[in-house]
Amino acid sequence: MSASIVRSCAFAQQMTLMTLRTCATSVYHVSKRNYDQYRMKYLREMYKRRLEVGPEKERRRSEWINWNYDSEIFAFGKRLGEEFNETTIKQAFIHSSYVEKERAKRAELGLNLKDLTFDLEDNSELAEKGADLISNYVKVYLRNMYPYFFEEGICAIHNYLVSESMLSHIAKHIGCGDLILSEDFPVLPSTLSQTFKAVVGAVLKDRGQEKAETFVRDFVLPQLISKDINELWEVVNPMGLLTAVLALIGKGPPEPRLLWKSGANTIMALYWVGIYSDKQLVAKSPGETVTIAEEMAAREALKKLMKTEDSRSPLILGRMADNLKLDYKKVNMSAAEVLKNYYSQLKKQNTASA
């Protein structure tokens, strides 16, 4: 009797467990199905609200919780491979607007600025010294790398490299944007440009002129890679300049000649014009018309004479430039002077013959 009662209890317990497992499984599947169903509705609603609100407002990097200014300053120098004095590099990132803002805050609090020590100093002085070094070294380097390029072309390349847009581009990509202490946000291109000049000034102050010039050579001059320097200098009258240059080196005047043409009576016309001097072909170039081909051939001839053609040797940069000897007193020939001398001699000859 007792054995039958025990077997009945065991059977009842087993049936109870099976029932609970079945219920739990069914509840699990139903809840998962409902979860997926409402999850998609939730995500669609959140996406809709995100579009209505618009993109998140851009915030300063210093507003995030994982920001440590001293660590970022230290890492900045390590990324660039430079050993900065902490005080100097911090000053390089302080814009004048930030200093004025701090002074205004203290004045609002009723603090007497004369009785308090105000240690903040902006980067104006460092930026001025850095700008002078960048300008001087870029010209010296270009004059030595392109000794036959006219001074006007050197100045055109120089203006391209030291422009506000170029220096701000460099400053942004080496990580200056997040470190700048300035009132305006997002940081203006003028502020980025001034900060990069100040960083160069900081290198000059802490490491000396040689290290500062190396810094400029590593970050500013590589912007010319894959850039046609001839396009940076617009020659107004290439044929006239070519005539003066050929006369200066003792060669005959340029003679443009039509070499061949194709499709002259179609919209795909093509003309090849060659420039000859003393019966020697100097350069040739194609064009849509004879006039265009003649002008392009004159430009190609100037490229050969200035040794700035497309097949020229690349710039000497990086470690190969460590032992580079530059002539700091070198000044290239001016195209304006060449034209002036040519036309003055031509005028004298005409006067003497008359």
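# Exercises on a predicted structure

**Exercise 1. Helices H7 and H8**

The axes of helix H7 (residues 164-173) and helix H8 (residues 189-207) cross at roughly 70 degrees and come within 7 Å. The model under study is a predicted one. Determine how H7 and H8 are oriented to each other, and state which residues in H7 and H8 meet.

*Solution.* Step 1: the crossing angle is roughly 70 degrees. Step 2: angles of 65 to 115 degrees count as roughly perpendicular. Step 3: H7 and H8 are therefore roughly perpendicular to each other. Step 4: on the H7 side, the contact involves Glu164, Leu167, Ser168, Ile170, Ala171 and Lys172. Their counterparts in H8 are Pro189, Ser190, Leu192, Ser193, Phe196 and Lys197.

**Exercise 2. The nonpolar core**

Identify the residues that touch the most other members of the largest nonpolar core, and state which helix gives the largest share of this core.

*Solution.* Step 1: the largest nonpolar core holds 71 residues, and Phe76, Phe93, Phe196 and Trp233 touch the most other members. Step 2: helix H5 (residues 124-145) provides the largest share of this core, with nine residues. Step 3: leaving aside residues up to four places away in sequence, Phe76 touches Phe84, Ile89, Phe93, Ile174, Gly175, Cys176, Leu179 and Val199. Step 4: as a general background, nonpolar side chains in soluble globular proteins tend to be buried together.

**Exercise 3. Salt bridges**

For the salt bridge between Asp322 and Arg217, state how far apart the closest N and O atoms are. Then decide whether Arg217 counts as buried or exposed.

*Solution.* Step 1: the closest N and O atoms of Asp322 and Arg217 are 3.1 Å apart. Step 2: Asp322 lies in the loop between helix H12 (290-306) and helix H13 (335-353), and Arg217 lies in helix H9 (residues 209-219), so the pair ties together parts that are 105 residues apart in sequence. Step 3: the relative accessibility of Arg217 is 6%, so Arg217 counts as buried. Asp322, at 47%, counts as partly exposed.

*Solution.* Step 1: the side chains of Glu100 and Arg103 form a salt bridge of 3.7 Å, N to O. Step 3: Glu100 is partly exposed at 48% relative accessible area, and Arg103 is partly exposed at 35%. Step 4: elsewhere, salt bridges with shared partners join Asp70, Glu86 and Lys90 into one network.

**Exercise 4. The whole chain**

State how many helices and strands the protein chain has, and what percentage of its residues count as buried.

*Solution.* Step 1: the protein chain has 13 helices and three strands. Step 2: of its 354 residues, 34% count as buried. Step 3: among contacts between residues at least 6 apart in sequence, 63% join residues at least 24 apart. Step 4: a search of the whole structure finds 15 salt bridges.

Technical notes:
Residues numbered from 1 in each chain as written. Predicted model: local features only at pLDDT ≥ 70, side-chain atom pairs only at ≥ 80, totals over all residues. Heavy atoms only, no water. Salt bridge = Lys/Arg side-chain N within 4 Å of Asp/Glu carboxyl O. Buried < 20%, exposed > 50% of the residue type's maximum accessible area, 1.4 Å probe, protein only. Helix = DSSP H or I, 4+ residues; strand = E, 2+ residues; numbered from the N terminus. Core = buried A, V, L, I, M, F, W, Y, C linked by side-chain atoms within 4.5 Å. Contact = heavy atoms within 4.5 Å. Axes fitted to C-alpha atoms, helices over the stretch in contact; angles between N-to-C directions. Parallel < 35°, antiparallel > 145°, perpendicular 65-115°, else oblique.
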